[in-house]
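Visitor: I would like to learn how to read the features of a protein model, one at a time. Could you take me through this one?

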Amino acid sequence: MKVHFKKIRLEKRHWVFLGLVAALCLTGIINMRLNSITGETQPIALKPSETPTQEQQSEEGAATSASANFFTNYRAERTATRDKEMTYLNEIIGSEKTDAETLKDAQEQKMALTTAMEKELLVEGLIKAKGFTDCIVTVQNNSVNVVVNNTEALTSAQASQIMEIVRRETGVAAEDIKILPKN
């Protein structure tokens with residue numbers, strides 16, 4: 001009977017880990033789609049800001065609603081994925097059958113996820129405070145991606161402001177920070 005019980009415990013742990021791996025893969029897929037949508041492979045075009053014409057302003061109105069949907073949808077997907085990850089980690093942490101090593105690993109993962117979420121929220125708020133209408137920040141191990149709602153290419157001053165905020169708040173080196181305008 002004990003052998004069968006241990007077998008169930010191992011199977012349950014494997015399912016939990018598979019769930020975590022699936023959530024991680026989903027996050028990677030979302031990140032890849034986000035990068036392909038924003039055209040990350042192209043460098044940021046820096047040019048001085050210009051005053052838009054009335055025709056450009058009407059086009060910007062339509063683009064703004066599409067951008068708002070993008071940012072809203074991304075946040076909803078990110079929140080759902082993070083909720084699943086937290087649920088899996090809480091199940092591992094709360095289980096009486098979890099061994100000490102797995103428990104410690106789950107607690108560390110939960111702390112890292114919580115820290116990343118706090119940094120993302122803080123950096124997003126600071127970037128919005130600089131006058132950008134919306135942005136998404138993703139903090140991973142040693143890299144940060146920033147997608148800014150901007151109808152035109154970023155000026156060098158805007159890119160510098162964003163870079164300074166991200167470097168100061170996350171401690172990530174400038175070469176590991178990617179800033180992408182969402183047109």
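This is a predicted model: local features need pLDDT of at least 70, side-chain atom pairs count only at pLDDT 80 or more; totals for chains, interfaces and linings use all residues.

Visitor: Which elements does the protein have, and in what order do they run from the N terminus on?

Guide: The protein has four helices and three strands, and from the N terminus on they run α-α-α-β-β-α-β. Of its 183 residues, 32% count as buried. Among contacts in the protein with a separation of 6 or more, 70% are between residues 24 or more positions apart.

Visitor: How do I read a nonpolar core, and which residues have the most contacts inside the largest one?

Guide: In soluble globular proteins, nonpolar side chains tend to be buried together. Here the largest nonpolar core has 17 residues, and those with the most contacts inside it are Ile127, Val137, Val144, Val146 and Ile162. Two or more residues each come from α3 (100-129), β1 (135-140), β2 (143-149), α4 (156-170) and β3 (177-182). A second, separate core has seven residues, including Ile30, Phe71, Val147 and Leu180.

Visitor: What does isoleucine 162 touch, leaving aside residues up to four places away in sequence?

Guide: With those set aside, isoleucine 162 touches Ile127, Phe132, Val146, Val148 and Ile179.

Visitor: Where do the buried residues of α4 fall when the helix is seen down its axis?

Guide: The buried residues of α4 are Ala159, Ile162, Ile165, Val166 and Thr170. Seen down the axis, they fall within an arc of 130 degrees, so they line one face of the helix. What covers these buried residues includes α3, β1, β2 and β3. Just after α4, glycine 171 takes a positive phi of about 75 degrees.

Visitor: How many aromatic pairs does a search of the whole structure find, and how should I describe such a pair?

Guide: A pair of aromatic rings is described by the distance of the centres and the angle of the planes. The search of the whole structure finds one pair. The rings of phenylalanine 70 and phenylalanine 71 have their centres 5.2 Å apart and their planes at 80 degrees, so the pair is edge-to-face.

Visitor: Are these two phenylalanines buried or exposed, and what sits over the ring of phenylalanine 70?

Guide: Both phenylalanine 70 and phenylalanine 71 are buried. Over the ring of phenylalanine 70 sits the charged end of lysine 182, 5.0 Å from the ring centre.

How values were computed
Residues are numbered from 1 along each chain as its sequence is written. Side-chain values use heavy atoms; hydrogens and water are left out. A nonpolar core is a set of buried Ala, Val, Leu, Ile, Met, Phe, Trp, Tyr and Cys residues joined through side-chain atoms within 4.5 Å. Buried means under 20% relative accessible area, exposed over 50%, partly exposed in between (1.4 Å probe, protein chains only). Contact means heavy atoms within 4.5 Å. Rings of Phe, Tyr and Trp (its six-membered ring) pair if their centres lie within 6.5 Å; planes under 30 degrees apart count as stacked, over 60 as edge-to-face and the rest as tilted. A charge sits over a ring if NZ of Lys or CZ of Arg is within 6 Å of the ring centre and within 35 degrees of the ring normal. The arc is that of the directions from the helix axis to the C-beta atoms.
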